[in-house]
Amino acid sequence: KNVLLQYNLWLNCNQHCAFCYQGSNPRRFSEEEKTKSLRRFLSILKDDDFMSSYDDVAIIGGEIFDNKFTDENERLYFECLSIIRDKMEHNKLRSFNMNTNLLYEDTSMLTKTLDFFGDLQNRLHVVTSYDVKYRFHTENSRLLFLSNLNKIDKEYPKVNKTVQSVVSSFFIDDVLNGRFDMNQFEQKYHCEYNLNNVIHSD
């Protein structure tokens, strides 16, 4: 059995990627809508009968970690994490996965999340995407991404990291012409590199 519960907290994002399943301009959630979403997630996690069908939990957005949380939403968020951590401690959940684009200066909410799991960090998965043409609109944004990925690698060596790329003619050209090497990237940042099955037309 390998069943994943994936919950979309909200659509708000600091990027406008053309290949995103939400579209390049997703609707933004109000603070009240975020509260409602967190409460719904909390009710799902508290339903032991429902949760017994799942092995892993993932949260996605939008971008979760660049959003400033209100005090109430932060309280609800960590209440959700507390239930997830408890289920992991009692082997009712195998792992917790977080999708993030790593394109934000303030990483405090991400690091607080990783810290919260303590000795269970080896069962955490940070999933992100390296897409030079479509996500990194400037060289500075690419360097910010790499800096944040390196920070996770150095400060949280037990946390699992998965990096994906959208398969596009631009990406294929970079690989074939030696401008990008997935194996070297994996070795440098101690991550798993996957190719997203989305084929994007350049």
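How do the residues of the lining of the largest cavity divide into nonpolar, polar and charged? The model is predicted, so local features need pLDDT of at least 70, side-chain atom pairs need 80 or more, and totals for chains, interfaces and linings use all residues. Residues are numbered from 1 along each chain as its sequence is written, and side-chain values use heavy atoms, without hydrogens and water.

Rolling a probe the size of a water molecule over the atoms shows where empty space is left. A cavity is a set of points, on a 1 Å grid over the protein atoms alone, where a 1.4 Å probe fits but cannot get out; lining residues have an atom within 4 Å of a point. There are 2 cavities of 30 Å³ or more.

The largest cavity holds about 90 Å³ of space. Its lining has 7 nonpolar, 1 polar and 3 charged residues. Here Ala, Val, Leu, Ile, Met, Phe, Trp, Tyr, Cys and Pro count as nonpolar, Asp, Glu, Lys and Arg as charged, and the others, Gly among them, as polar. Among the lining residues are Y130, D131, K133 and F180. Helix α6 gives the largest share, 3 residues. Helices are DSSP runs of H or I, at least four residues, numbered from the N terminus.

The second largest cavity has about 40 Å³ of space. Its lining includes L102, T107 and Y156. Helix α5 gives the most to this lining, with 3 residues. By class, the lining has 4 nonpolar, 3 polar and 1 charged residues.

Methods
On a 1 Å grid over the protein atoms alone, a cavity is a set of points where a 1.4 Å probe fits but cannot get out, and a pocket is an open set with protein on both sides within 12 Å along at least five of seven lines; lining residues have an atom within 4 Å of a point. Grid points are joined across faces, edges and corners, and a volume is the space filled by probe spheres set on the points. Helices (H or I, at least four residues) and strands (E, at least two) are DSSP runs, numbered from the N terminus.
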